[in-house]
Amino acid sequence: MTRNPQFVRDHIGIEYGAGGGAMRALIEQIFIGGMGKVEDGVGLAAMDDGAALRIGDRWLVITTDSHVIQPIRFPGGDIGRLSVAGTVNDLAMMGATEPLGLTCAAIIEEGFARADLEAVWQSIRRACEEAGTTVVTGDTKVMGRGELDGLVINTAGIGLTDRIITDKGLRPGDRLLVTGTMGDHGLAIMATRNELSIDTELKSDVAPINQLVRLGLAAGGNDVVALKDPTRGGLSSTLHEMADKSGVGIVIDEPSVPISNEARAIGELLGIDPLLVANEGKAVFGVRASAADAVLVALREHPLGRRAAIIGRCVDERPGQVVLDTGLGRRLLAEPAGKLLPRIC
Amino acid sequence: MENVEQLRQLKFRDPQRARALREALAAVVDRIDHTPVSVMHVCGSHEQAIAKFGLRAAFPAGLDVIMGPGCPVCVTDVPEVDEAVALAKAGVRIATYGDMLRVPGTAQSLGHARAEGAHVDVVYSITHAVELARTIDEPLVFFASGFETTAVATAAVLLGDPPANFSVLSAHKYIPPVMEIVAEMPGSRIEGFLAAGHAATITGSAVFEPFVAQHGVPVVVAGFEPLDILAGLVRLVELIEAGDARVENAYPRCVTREGNLAAQEQLWCVFKPTGGRWRGIAHVPNGNLRLRDEFAGWDARRRFDIDMSALWDHAPPALVGQCQCGDIMAGIASPSDCELFGKQCTPDEPVGACMVSSEGTCKIWHQYGGHPDLGPMAERRAS
C-alpha cells in the first residue's frame, strides 16, 4: 500500500468518509495501529470487506457497516434495505454467500416518526427474506434532537465459507467482470438532492446479491481470484484497490462497461462520472481468463445479473493503476477524492 | 425519444469514425517537414473533452496540442479578486459563481472572506443573483466572470432594467485579443489555433479574420464532442501544411460566419473593451470587458469606493511563489511541470487558480487521472 502518502489532518473533514485515499489514510494511520493481525485468516490490517477467522476447516466471516444516508427514503430503497444489503454483500465478497444472521443497532433522533421507523423495519425484513437471513440480535438508542440527523443504523453479519476470496489475487491476463450497470445508486441519490430537481426514472440498485454471487462462484470455482462490491468510490475505487493490492495494472474497455441510459444522462448533466459513484447491488469479479465466459453466463442467468459484462483485463504494466480505453483514446481513471458524494451509503 | 438522443450523442463519439480521423491526422502531420507541429486551443471545454475521452494519448507523436488561456476564472487577475474581497469585507453582500469563491487574491479569496463572516452567496447564473437582489433591501454586487459567451448574459440582464440595489463587478474577458498576445510571445511556436465553438456562436467565425490576416496563422472553429475536436485538428493541420492562413468553421451545426447579431448588439451596447492584465499572461489590450458610461448606475466600481489597500499588508501564502499557473495558461508549461500539482495543490486545497475551476487545466488533468499522455502500451484492447 504505497500509493497513499497523504497525512491525516488535525481535524477529520468530510472527505475522510468518501471511500478514497483520505479514508484509507484515516484507517491506516489511526485505526490499524497495533491491531488487526489474524493468523491464517483476514484481519483489519488487510482492509478487506470483512474479517475471516479460522474455525476447523472453514472460516467464519464477519463484517459490520453503519448507514447514515440522506434522504432516508430514496428511489429504489431506503436506509433499511441498504443496511441489510450492505452487510450481506460484504459477507458475500469474502465468499460467505449464506449469511447465518445479522445484528442491527438503531440510533434514533428524538422526535423521529413511529410510522417511518416501522417502514424502515418492514424493508429490513423484506431484504432479509430476499437474502435468506434474519436479524438475530440488536440494540436501540435514542439521542437528543439535533444530536444526529434522523436515524443511523449499524448492522453486522456472520457467515461461513470454505474458501476466502480476497481483493489481492489478480495477476496479468486475468479478466474483470461486473454483475450489472454502474453508478445507479449514487446518481439516483444525487438526482434527488440536486437543486436542479431532475425528473428521472433512475432507481438505486440496492439489493442483497449473495445468491447472484453464489452462482458466479459456483461457475468459476478456484478461478475466481478477486471479488469486491463497488460501493463508496464506485468502480474506480474498487479497481484501484484490486490493482494496488494485487500489484497489477488494469485496463478497462470503457464501451463494455454497462451503464443505464438514465445514469449516463444524469452523469453528463451533473458532470459526474458513473464509474466514480456508489453501487449497492453489484459486484466486481476478478477471474482467470479461461473461466471468464463461464462466470459471465452463470451471472446472466440470475435476474440481478442480466447486464453482467466482461469489462477489462489485468496487465503487468503500470501496477496499481487503472487505464481507461475510451474507444477514442486512453487515459488514467482517477480515484475519487474529496467531497464528491458525502453520506450516500 | 431516448434512442434518438442516444444516436445523436453517439454520432459524435463513434470510435470507427474517430479512428479514421486519427489516421488522417497522423498522415497529414507526417507530411509536414518539421516536428512537432504545434497548435493551441483556447478553451477549457476543449481540454475537458480531450482529457475525458483520452484523446491526448491518441494524438500523433509529431503533434503538440497546447492548452492556452481558455479559463475565464483562471485568468481573473489578483486585483479583480481583491476588489471583490475588499467589497465583501467592507460589508457589501456579494453574489458569484462557485468557482470564483476560491480564486486566490493577494492574500485571500472570497471564500476566506466568507469564512471570516463576509456575506457571499453562490449563484448558478446572473438571473439567480437578480432574483436574490429583488428579495433583499441591501445592495447586492454580482462578481461577474466569463468570456464573451457569459458576458452576453450579463448584458441582457442589465438591458432588462434590474433592481436599483443590484450592480455588477465585471471581470469579463474577451478572447480574440489574447490570441494576439500568445501569437506574439517571444519564441512562440504556435502554428494554428483551435477556436472555441460556443464563443463563436456569439461572435461568429468572422471575428478571427483580422487576426488571421495580421498573423498569418490559420484558425479553425471547433465543437466539443471528440469527433468535433479531431475533425477540427485535421482541418487545422491541413491548413498548416498548405500554408493557407484562413479561418475555417468546423462546427457549422452551431456556428455561422456572422454569429448571433442580436447578442453581439447587446454585448457591445453594455460593454466596452479595455486593456487589463490577465493573470499569469500579460497586459492584454482590449482583453477586459467593462461597463459603458450609460450603465454606470449598475457598475459596482463606480457605485462603491473600493479600498483594497488593507489587503496588501498580508503576505501571500508561501506556496504561491512555486505555482506555475501563469506559464500553464500561457501554454509554456503543463501541469506535470509543476512541483505542487497533485501534491500540495489539489481540488480540495488549490494553490493556484488553474486547480480551482472546472475549466482550469490543472483541475481537468487531476479529474482525469493526472497525466494524460500514457505513451504506448503493449496490450491496447481489454478483451
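Student: Among contacts in chain A between residues at least 6 apart in sequence, what percentage join residues at least 24 apart?
Tutor: This is a predicted model, and chain A has 8 helices and 14 strands. Counting contacts between chain A residues at least 6 apart in sequence, the share that joins residues at least 24 apart is 81%.

Student: What is the radius of gyration of chain A?
Tutor: The C-alpha trace of chain A spans about 55 × 55 × 45 Å along its principal axes. For 345 residues the globule rule gives 20 Å, and chain A comes close to this, so it is as compact as a globular protein of that length; its radius of gyration is 19 Å.

Student: Which residues of helix α5 of chain A are buried?
Tutor: Helix α5(A) covers residues 210–220. The cover over its buried residues includes α2, β5, α3, β9, β11 and α8 of chain A. Those buried residues are Asn210(A), Leu212(A), Val213(A), Leu215(A), Gly216(A), Leu217(A) and Gly220(A).

Student: Which residue follows α5(A)?
Tutor: The residue after this helix has a positive phi, near 55 degrees. That residue is Gly221(A).

Student: Over which residues of chain A does pLDDT stay under 50?
Tutor: Chain A averages a pLDDT of 90, with 94% of the residues scoring at least 70. Where pLDDT is low, the predicted coordinates should not be read in detail. The model has 27 contacts beyond four places in sequence for the stretch in question, residues 339–345.

Student: How far apart do the C-alpha centres of domain 2 and domain 3 of chain B lie?
Tutor: The domain assignment of chain B gives domain 2 as 73–175 + 260–313 and domain 3 as 318–367. Their C-alpha centres lie apart by 23 Å.

Notes:
Residues are numbered from 1 along each chain as its sequence is written. Chains are lettered from A and ligands numbered from 1 in the order in which they are written. This is a predicted model: local features need pLDDT of at least 70, side-chain atom pairs count only at pLDDT 80 or more; totals for chains, interfaces and linings use all residues. A residue is buried if 20 or more other C-beta atoms lie within 10 Å of its own, exposed if 12 or fewer, and partly exposed in between; C-beta atoms are placed from the backbone. Helices (H or I, at least four residues) and strands (E, at least two) are DSSP runs, numbered from the N terminus. Two residues are in contact if their C-beta atoms, placed from the backbone, lie within 7 Å. pLDDT is the predictor's confidence in each residue, from 0 to 100. Domain bounds come from an automatic or database domain assignment. The radius of gyration is taken over C-alpha atoms; the globule rule is 2.2 Å times the number of residues to the power 0.38.
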